[in-house]
Amino acid sequence: MSRMQEQITKQPPKTFAGIDVGKDYLDIFIHPIGVQMQIKNDKSAIKALIKRLTEHDIELVALEATSKYHRLTHSMLHDAGIVVAVINPFRSRQFADSLGRLAKTDTIDAKSLALFAQRMNPEPTLPPDTQCRELRDLQTARRQVLDEICDLKRQLHTTDHPLAVRQIKARIAMGERHKSVLEKEIHTLIASQPDLKNKFDILTSIPGIGKTTASILLADMAELGQVNAKEIAALAGVAPMNWDSGIKNGNRMIRGGRKHVRNALYMCSITCIRRSNSLGLTYKNLVRRGKNPKVALTAVMRKMIIIANTLIAENRKWQIECPC
C-alpha cells in the first residue's frame, strides 16, 4: 500500500456535536471523540464553545429546539460558520428510544443528538431574521390569549355563582382587549416591512385566506416560496402518507406537519367549499366522484398551501383563472 493510500485510510472520522438546551445551561457532546461539557446559556460561554467546536472541525451540530432558549446559540453558531440543524425534541426522543436509551438526562440527550446528527444527516436550519422572529412571537402570544379566552368561556358553564361569573367575564373581556392589541401590532409589523407586506398581499388575494391566516402563514411557514409543492404540503401537514404493510393497502393519511398552520388552512377550506371558486369546485368534484368529504377537504387544504407557495415564489397575486 502506498503512503498516499495509507494517509487516506487513516483520515480521522468526521465529528458531530449534539447540544441539549436548557434555560440556564447547555449540555454538549462531541461524537465520536467523546468530549462532553456543560456551559452557561449566555454569549460569553457560547463564544468559548464556538472556539472549541472549531478546533474539533465539527461537521454538523444538532441543536434541540427549546422554546426561545436555543435561539442565541443557533444564531451565534451560524454566524461563526458552523452548520446547525435545529431538531424537534420529539424526533430526538424517538431516536433515543430506538437506540434503547430509555433513560433521560441532559447528558444522554446531548449524546443522542450528536448521534442523530451523524446517522440521520438532518438538513441545516437557517436562523430566522429579526422580523420573522418578532412576528412569530406575536402570533404565539395571540394564540395563547385565544386559548385562554376559550378556556374561560368553557368555565362559564361550570358555575352559577355571581362573583365567579363576573370575574370570568372580566377576564374574558381583558383577553379580548389583549388579542385586539396583539393583532394590531402584528398588522403594523407586517405593514412596516416591504417584503412581508408584499407576501401578505399575495396571500390575502387567494380565496378563503384572510388577514389572520395570512399572518399565521408568514409567521410559521417561512419556507413559502423556497421549496417545492411536495415539501410545502408536508411541512403544513397536509401531504397524504402511505399506510401499507405486506398485502394490506391502507388508506393514505396526513401525519406530522405544523399544527397551527394546518388548523388555519382547515378553517379557510371550510369557507372555500361554500363558494363557487376553483377551490370550492375542487371539493365538490371530489365528493361527486365518491371521495370522503374529509379527504376532499384535505385536498383543498393541500391545493391552497401549494397555490400560496407558487404565487409567492413567482411574486404574483391570485387571478380568477389562476393556473396554479
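Is Arg142 buried or exposed in this predicted model? Arg142 counts as buried, at 11% relative accessibility. Buried means under 20% relative accessible area, exposed means over 50%, and partly exposed lies in between (1.4 Å probe, protein chains only).

Residues are numbered from 1 along each chain as its sequence is written.

**Figure 1. The whole protein chain.** The chain holds 13 helices and nine strands. Helices (H or I, at least four residues) and strands (E, at least two) are DSSP runs, numbered from the N terminus. Of its 324 residues, 39% count as buried. The chain exposes about 19,200 Å², and carbon and sulfur atoms supply 52% of that area. Accessible areas come from the Shrake-Rupley method with a 1.4 Å probe; for residues, only the protein chains shown count as cover. Contact means heavy atoms within 4.5 Å. Among contacts with a separation of 6 or more, 56% join residues 24 or more positions apart.

**Figure 2. Arg142 and its contacts.** Arg142 lies in helix 6. Leaving out residues up to four places away in sequence, Arg142 touches Lys179, Leu182, Glu183, Ile186 and Thr212.

Figure 3. A cavity is a set of points, on a 1 Å grid over the protein atoms alone, where a 1.4 Å probe fits but cannot get out; lining residues have an atom within 4 Å of a point. Grid points are joined across faces, edges and corners, and a volume is the space filled by probe spheres set on the points. The count comes to one cavity of 30 Å³ or more. About 40 Å³ of space lies in the largest cavity. Helix 7 supplies the largest share, three residues. By class, one lining residue is nonpolar, four are polar and two are charged. Here Ala, Val, Leu, Ile, Met, Phe, Trp, Tyr, Cys and Pro count as nonpolar, Asp, Glu, Lys and Arg as charged, and the others, Gly among them, as polar.

**Figure 4. The largest nonpolar core.** A nonpolar core is a set of buried Ala, Val, Leu, Ile, Met, Phe, Trp, Tyr and Cys residues joined through side-chain atoms within 4.5 Å. The largest has 49 residues, of which Leu203, Ile209, Leu217, Met221, Leu224 and Ile305 touch the most other members. Elements that give two or more residues to this core are helix 6, helix 7, helix 8 (194-204), helix 9, helix 10 (229-236), helix 11 (259-272), helix 12 (278-288) and helix 13 (293-314). Helix 13 gives the largest share, eleven residues. Beyond its neighbours within four places in sequence, Ile305 is in contact with Leu217, Met221, Leu224, Ile232, Ala233, Ala236, Val238 and Leu265. Another core, of 21 residues, lies apart from this one; its members include Ile19, Val35, Ile82 and Val84.

**Figure 5. Ile172 in helix 7.** Ile172 sits in helix 7. Ile172 is buried, with a relative accessible area of 11%. Not counting residues up to four places away in sequence, Ile172 touches Ile149, Leu152, Lys153 and Leu156. Cys150 is 22 residues from Ile172 in sequence, and 8.6 Å away in space, C-alpha to C-alpha.

**Figure 6. Helix 3 and its cover.** The buried residues of helix 3 (residues 71-79) are Thr73, His74, Met76 and Leu77. Their cover includes strand 1 (15-21), strand 2 (25-31), helix 2 (43-55), strand 4 (58-64) and strand 5 (84-87). Gly81 follows helix 3 and has a positive phi, near 85°.

**Figure 7. Backbone details.** Most residues other than glycine have a negative phi, and most peptide bonds are trans. The peptide bond from His31 to Pro32 is cis, with omega near 10°. Pro32 is in the loop between strand 2 and strand 3 (35-40). Ser67 has a positive phi, near 50°. Ser67 is found in the loop between strand 4 and helix 3, and counts as exposed at 59% relative accessibility. Asn315 has a positive phi too, near 55°, and lies in the segment after helix 13.

Technical notes:
This is a predicted model: local features need pLDDT of at least 70, side-chain atom pairs count only at pLDDT 80 or more; totals for chains, interfaces and linings use all residues. Side-chain values use heavy atoms; hydrogens and water are left out. On a 1 Å grid over the protein atoms alone, a cavity is a set of points where a 1.4 Å probe fits but cannot get out, and a pocket is an open set with protein on both sides within 12 Å along at least five of seven lines; lining residues have an atom within 4 Å of a point.
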